[in-house]
Each structure stands twice: as structure tokens, then as C-alpha cells.
Amino acid sequence: MTPSSMNARPLLNRRLAEFGTTIFAEMSALAVRTGAINLGQGFPDTDGPEEVREAAVRALRDGRGNQYPPGPGVPELRTAVAEHQLRHYGLAYDPDREVLVTAGATEAIAASLLALVEPGDEVIALEPYYDSYAASIALAGGTRVPVTLRPRDGRFVLDLDELRDAVTPRTRLLLLNTPHNPTGTVLTREELAEIAKLAVERDLLVVTDEVYEHLVFTDETDGTTPAHLPLASFPGMRERTVSIGSAGKTFSFTGWKVGWVTSTPELVAAVRSAKQYLTFVASGPFQYAVAEALALPDSYFTSFREDMRAKRDLLSAGLTAAGFEVYRPAGTYFITTDIRPLGADRSGGGDGFAFCRALPERAGVVAIPNAVFYDHREAGAPFVRFAFCKRTEVLADAVDRLKAL
């Protein structure tokens, strides 16, 4: 007797019924099957700093973290996170009460939403958004309300009036991502100030996903000095913002799954209440290594950013030459393109799914259709995302292959 014959209800919880296998699994499998270069999933193809890797080995050998680490995270990492926030942004956090270590940013997002959202609460997110946002909102019983970033003047732009109009008496929380995946948009100081003003006026909580904080390529003030602006640094936001960071994107150790939350003692305690029933704890030895990574000199962060900037420029130029309209990202390590300039025959009529499924055979490259990041699928239909967090020679090969288009 099968479970379905014992119970007429569907096996999958209705809150997750709309979510199937992720597009990343499908496209990565397609890359393996065809031998294509995988510029779909956002993970580097090289390891991070050798001294950080050796710190993990040393922790393993010294027996640090081989058993359950403390629930909030090892003290060394919590202290390092607090020092990082103060050093880079002037934000002071108590490492004992205002920092929580998580199994990557994905768990931090899920735990935050599970802790702070009641069934029926509305959660506003900037569309397109990373796919775990929608699933986490659904698991919390919330109602997601997308506010769409739209292309204008070479970037994807937030309509602040649309954001304000989306807030209702049922709105509990804003879920923001800047630098923004997949569009590469970095919200400006003026945009963040308006968001902060709105949150204070309407007494909203805000969860900010800032995992690409060290991959900002331009600054709105002088065009040369990169600067990430945490929303928590704006007036009235320190006490209502849950900020999320991660080691994976900054140090190129995505498999270690080390993330963190910083906020007020009350909000951190709430998130910890949910987090303890998800993974409980994780990544013990790696926590000690990430503590050392966060203390690396400024030269590391500058070199990392400039390396990614060069890779962005290489792939952007290649995509433009191949016929795509390219939205050159101000941050992250993703490039969004519009396939329609390639023509109806070559772009599949502007259908990103059809285009990406055919691209490995046509050009030996894998990308991701942006429509998977939208509730309004038609708004994302002609857009395709490429990752440039790969070795320079791999990107050069991909650019050469894309000439086939």
C-alpha cells in the first residue's frame, strides 16, 4: 500500500506545491550531459585564500568544532562578525547578543521569515528574487507581494512609488537584496533612504540579504570608490533590520555554508528560536576559519573585487559582441541579458526557458532564465542570467563559444 492510497491528500505540503526541482539542478545536469561551460549556477571554480583553507585544516586537527559548536556560533566568529560590521560600516553589535551564526545565508533567510512572519502576513520582496525567498515566505505561511525592478537606462530600477503603494495594513516585512541577484543592481543611497523612511513610517520589519556586500563595483557619489550601504545604518533602521551576511560569496568557499545574522537582541533571539530547529548548528571547524577570513586586510577585499570587475568586463563585452543586450551589473557576480536583440529565431521568440535549454547544444554554454525568479513570469521572459565567478580562461572560452550565436 502506497502512502497516497492511505491518504487522499497530496504528499507534498500545499505551501510547497508550486516549487519543484530548482532550475539550477536542471541546468547543471544539462551542462554535464552536453559538456557545456556552466555559467548558470553561481559558484566559483577556484577555492578562496590558502590561509583561510589552512585555518580550517588547523581547526580540524586541533579538535575545534569537530563536535557541536555553541548554538549561536563559536565566540571567535561572532566577535569577528561584529568587528567586521564596525570596521566596514561603523555599525556596532554585541557579539554575545546581537550576532547569530547560521548554515549559510539561505538558512538565515528561512529562519528569519519563520520567526517573524505569521500566517497571512504580507512580505514584500523585490522581483526578480532568489528562489529561496518565495519558498521561505510560503513555509512561514506568509503572502508574498512582489515589487518588480524594471530595466531602464542600462540598469534594473526600483519604482519607489510602487513600493509604497504595495504596503498595506497586512504588510509585516520587507525582504531586500542589495547588491541584487540576479539583476546586479545596487540600491543607491537615495533609494535606501526612502525605503528606510517608509519602514519607519509604517512600522515595518526589514530583512536584508547582503551576501554580495564586498562585490560593489561602483559608487553613486564619485563613480570610482565602491561602497556597500547597509540599510541598518540609516536613521531608525538599526532596531528594525535583520542583516544577513555570508562567507561563501566573499571568500569563495560556498560549500562551507557559513552565514550570519546581525540585529537587536530581541530580533536575534527570535531568529535563533527558529534556527535551532532547522540545522541546530553547522560548519563547526569552518566557523573558526571564517573568523580569520573576516580579519583579512583591506587589500584582500580590494583584490577580490577588482578581479571580479575584470571578469565582469570580459564577459559583458563578449555577450555584447554575441548580440545580447547587456545590463552591466553594479554588483554581484551575475550579468542579466536581454535575448530579444538576437532575433526571434535565435532567441526562441524571447522565451528565456527555450533559449537556455537550447544554448548548450548551440553554443556549449549554460545560463539561467530569469523568469524563474519572477512571480510575473512574462516580465522576466526575455532575460537570461550568466555568472562570471569563473576562471578567466573559462570565461574567455565561453565568450569564444558564444560567437556561434
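**Ground rules**

The model is predicted, so local features need pLDDT of at least 70 and side-chain atom pairs count only at pLDDT 80 or more, while totals for chains, interfaces and linings use all residues. Residues are numbered from 1 along each chain as its sequence is written, and side-chain values use heavy atoms, with hydrogens and water left out.

**Entry: helix α2**

I started with α2, residues 23-34. Helices here are DSSP runs of H or I with at least four residues, strands are runs of E with at least two, and numbering goes from the N terminus. α2 has twelve residues and reaches 16 Å from first C-alpha to last, close to the 16 Å expected at 1.5 Å a residue. That expected span is 1.5 Å times one less than the number of residues.

Which residues of α2 are buried? I noted Ile 23, Phe 24, Met 27, Ser 28, Leu 30 and Ala 31. They cover an arc of only 155 degrees around the axis, so they sit on the same side of α2. (The arc is that of the directions from the helix axis to the C-beta atoms. Buried is under 20% relative accessible area, exposed is over 50%, partly exposed is in between, with a 1.4 Å probe and protein chains only.) On the face turned away from the buried side I found the exposed residues Val 32 and Arg 33.

I then looked up what the buried residues of α2 pack against: β1 (37-38), α6 (131-139), α14 (352-363), β13 (365-366), β14 (368-369) and β15 (383-387). Contact means heavy atoms within 4.5 Å. Just after α2, Gly 35 has a positive phi of about 75 degrees.

**Entry: helix α4**

Next was α4, residues 75-89. Its 15 residues reach 21 Å from first C-alpha to last, close to the 21 Å expected at 1.5 Å a residue. The buried residues include Leu 77, Arg 78, His 84, Gln 85 and Tyr 89. The buried residues of α4 pack against β2 (99-102), β10 (259-262) and α11. Just after α4, Gly 90 takes a positive phi of about 70 degrees.

**Entry: salt bridges**

How many salt bridges does the structure hold? I got 25, each being a side-chain nitrogen of Lys or Arg within 4 Å of a carboxyl oxygen of Asp or Glu.

Glu 292 is partly exposed at 37% relative accessibility, and Arg 58 is partly exposed at 36%.

Arg 240 bridges to Asp 203, with the closest N and O atoms 3.1 Å apart. Arg 240 is in the loop between β8 (205-209) and β9 (241-246), and Asp 203 in the loop between α8 (189-201) and β8, so parts 37 residues apart in sequence are tied together. Buried or exposed? Arg 240 is buried, at 12%, while Asp 203 is exposed, at 59%.

Asp 307 and Lys 311 meet at 3.2 Å, N to O. They are four residues apart in helix α12 (residues 298-322), so about one helical turn separates them. Asp 307 is partly exposed at 35%, and Lys 311 is buried at 9%.

Most residues other than glycine have a negative phi, and most peptide bonds are trans. With that in mind, I listed the exceptions below.

- Glu 127 and Pro 128 are joined by a cis peptide bond, omega about 5 degrees; Pro 128 is in the loop between β3 (122-127) and α6.
- Thr 178 and Pro 179 are also joined by a cis peptide bond, omega about -10 degrees; Pro 179 is in the loop between β7 (171-177) and α8.
- Phe 280 has a positive phi of about 65 degrees although it is not a glycine; Phe 280 is in the loop between α10 and α11 and is partly exposed at 39%.
- Ser 283 has a positive phi near 60 degrees; Ser 283 lies in the loop between α10 and α11 and is buried at 18%.
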